[in-house]
Amino acid sequence: MACIPGLNPPKTLATSSSSSSISNNLLFSSSARTNFKITQISKRFPRVSIAMATKQESELSLNALTSSDRRDEVMVAVKSSLSNCLSETNLHLAIPDLKSKTRGKVRDIYDGGDYLVLVTTDRQSAFDRVLASIPFKGQVLNDTSLWWFNQTQNIAPNAIIAVPDRNVTIAKKCSVFPVEFVVRGYVTGSTDTSLWTVYKNGVRNYCDNVLPEGMVKNERLPANIITPTTKAADHDVPITPDEIVQQGLMSQADYDEASKKALSLFEYGQRVALEHGLILVDTKYEFGKGPDGSVLLIDEVHTPDSSRYWLAHSYEARFQNGLEPENIDKEFLRLWFKDHCNPYEDKVLPDAPEELVTELAWRYIFLFETITKSRFQIPETTEPIHDRITRNVSKALLSLKN
C-alpha cells in the first residue's frame with residue numbers, strides 16, 4: 001500500500017472541479033412549480049443546529065477514517081465498482097427533450113429547453129484536467145451539495161428544481177458569472193494558483209488581498225479572504241475585483257452581493273464543519289443571475305471536490321510541529337501526480353494507483369457521512385448506471401411538462 005500524505009500510519013488514501021467550461025448562458029433560476037421536489041430534498045437533509053465539536057467527537061472521526069467497520073464495508077463496495085464508474089453520459093442520444101450536451105470536468109450538462117440537467121459523473125479532476133474515475137463519487141458530490149444547498153438557502157438562494165436521481169440535479173437556466181469565488185481561511189495548497197505557492201514565491205498582494213510577512217504553510221489567515229479567478233476553458237486565472245468590473249465580467253453591485261454571500265457561506269460552512277470535528281480550509285463558489293435579477297448560488301457547495309477539509313482535533317499540534325494536517329480531500333492525489341509527472345504539461349498522465357482511487361472514494365463518503373450525520377446509500381448494481389439515470393431523467397422531464 002502506498003504511503004499517503006495527511007494520515008498517521010496506517011496510511012491508505014469536487015473548480016476546482018466540475019464545469020468550468022460551461023458557457024455563460026447556462027444555469028439556475030427559481031421555479032414555483034416544483035416545491036414538491038424542494039420539500040423532498042429538505043426531508044432528506046434536515047437543517048442542523050450549530051454547536052462546537054467536542055474533543056471526543058473529533059477523535060472518533062479520526063478513528064473512523066482510518067479503521068472502522070463502516071470503512072471496511074464501504075471499501076468492499078468501492079473495489080467491486082472500480083470497473084463500473086460513471087465516466088461519461090450521453091443522455092441527449094436517448095432523451096428527445098435534451099437538445100445538446102456540454103461536458104465539464106466533472107459534470108455533463110444537458111440543455112432541456114427551460115431546464116438544465118446536470119449529471120455529476122465519477123470523473124476526478126485536478127490541475128484543470130481529468131485524472132481518474134472514482135466509484136460513487138458523482139453520487140457523493142450530488143448528495144453533499146443538496147445537503148448544503150438546503151442548509152444555506154437563507155444565506156444565498158439557489159434554484160434547484162428537481163432531483164430525479166442520486167447523480168442528477170435539474171435546474172432553471174440563468175446567466176452564469178464567468179468568475180469563481182475562491183474563499184480561503186489558511187495559507188496552503190500545492191497547485192500553481194494555490195495561496196501557499198504564490199506566497200512562497202514572494203507575492204504579498206494577491207487579488208487585492210494584502211498578506212502579512214512571515215506566514216508559514218498551513219497557517220490560518222488573520223481573516224478569510226476571496227481570491228477570484230476567471231472561468232477559463234483550460235486554466236483558471238486569478239483576477240482582482242476591480243478587473244472583474246473593468247472587464248465587464250460582473251457589475252460592481254453584482255460583485256459586491258456575490259462576494260458578501262461567498263464570505264457568509266464560508267463562515268457558516270466553517271462553523272458547521274467545526275461542529276463535526278473538521279476545518280473547512282478553503283472552497284470555491286459560483287453564482288448566476290436569474291431572470292428577476294437575483295444573484296443565485298449554483299454548481300456545488302462545500303463538496304470535497306470544491307473544498308479542502310482538515311481534521312480539527314490534530315491540526316494545532318501538527319502545525320506547531322511542522323507536519324501536514326490530516327486531510328479528507330483530494331490533496332494526496334494531487335501530490336501523487338505532481339511526484340510522478342508534470343500534470344500541467346504532460347499530454348498523457350500515468351494511471352492513478354488503485355489504492356489511491358479506492359481510498360479517495362472512501363474519504364468522500366466519510367466526509368459526507370461526517371458532515372450530514374446520515375448514511376451514504378451505496379447504489380444497487382443490478383441496473384447499469386446510465387440506464388437508471390436515463391429512466392429517471394425522462395420521468396422527471398415529463399413531470400415538469402405537466
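Predicted model: local features only at pLDDT ≥ 70, side-chain atom pairs only at ≥ 80, totals over all residues.

Me: Which residues do ring pairs link into a cluster?

Reply: Residues are numbered from 1 along each chain as its sequence is written, and side-chain values use heavy atoms, with hydrogens and water left out. Rings of Phe, Tyr and Trp (its six-membered ring) pair if their centres lie within 6.5 Å; planes under 30 degrees apart are stacked, over 60 edge-to-face and the rest tilted. Ring pairs of this kind join four residues into a cluster: Tyr186, Trp310, Tyr315 and Phe319.

Me: Which residues of helix α8 are buried?

Reply: Helices (H or I, at least four residues) and strands (E, at least two) are DSSP runs numbered from the N terminus, and α8 covers residues 312–320. Buried means under 20% relative accessible area, exposed over 50% and partly exposed in between, with a 1.4 Å probe and protein chains only. In α8 the buried residues are Ser314, Tyr315, Arg318 and Phe319.

Me: Why do the buried residues of α8 line one face of the helix?

Reply: An α-helix has 3.6 residues a turn, so residues three or four places apart point the same way. The arc is taken from the directions from the helix axis to the C-beta atoms. Seen down the axis of α8, the buried residues line one face because they fall within an arc of 130°.

Me: Which strands do the buried residues of α8 pack against?

Reply: Contact here means heavy atoms within 4.5 Å. The buried residues of α8 pack against β9 (179–187), β12 (219–226), β15 (278–289) and β17 (307–311).

Me: What is the angle between the planes of tryptophan 147 and tryptophan 148?

Reply: The structure holds 14 aromatic pairs. One of them joins tryptophan 147 and tryptophan 148, edge-to-face at 5.0 Å centre to centre. Tryptophan 147 is buried at 1% relative accessibility, and tryptophan 148 is buried at 0%. The angle between their planes is 90°.

Me: How far from the ring centre of tyrosine 199 is the charged end of arginine 204?

Reply: A charge sits over a ring if NZ of Lys or CZ of Arg is within 6 Å of the ring centre and within 35 degrees of the ring normal. Lysine 172 lies over the face of tyrosine 115, at 5.4 Å from the ring centre. For arginine 204 over tyrosine 199, the distance is 3.7 Å.
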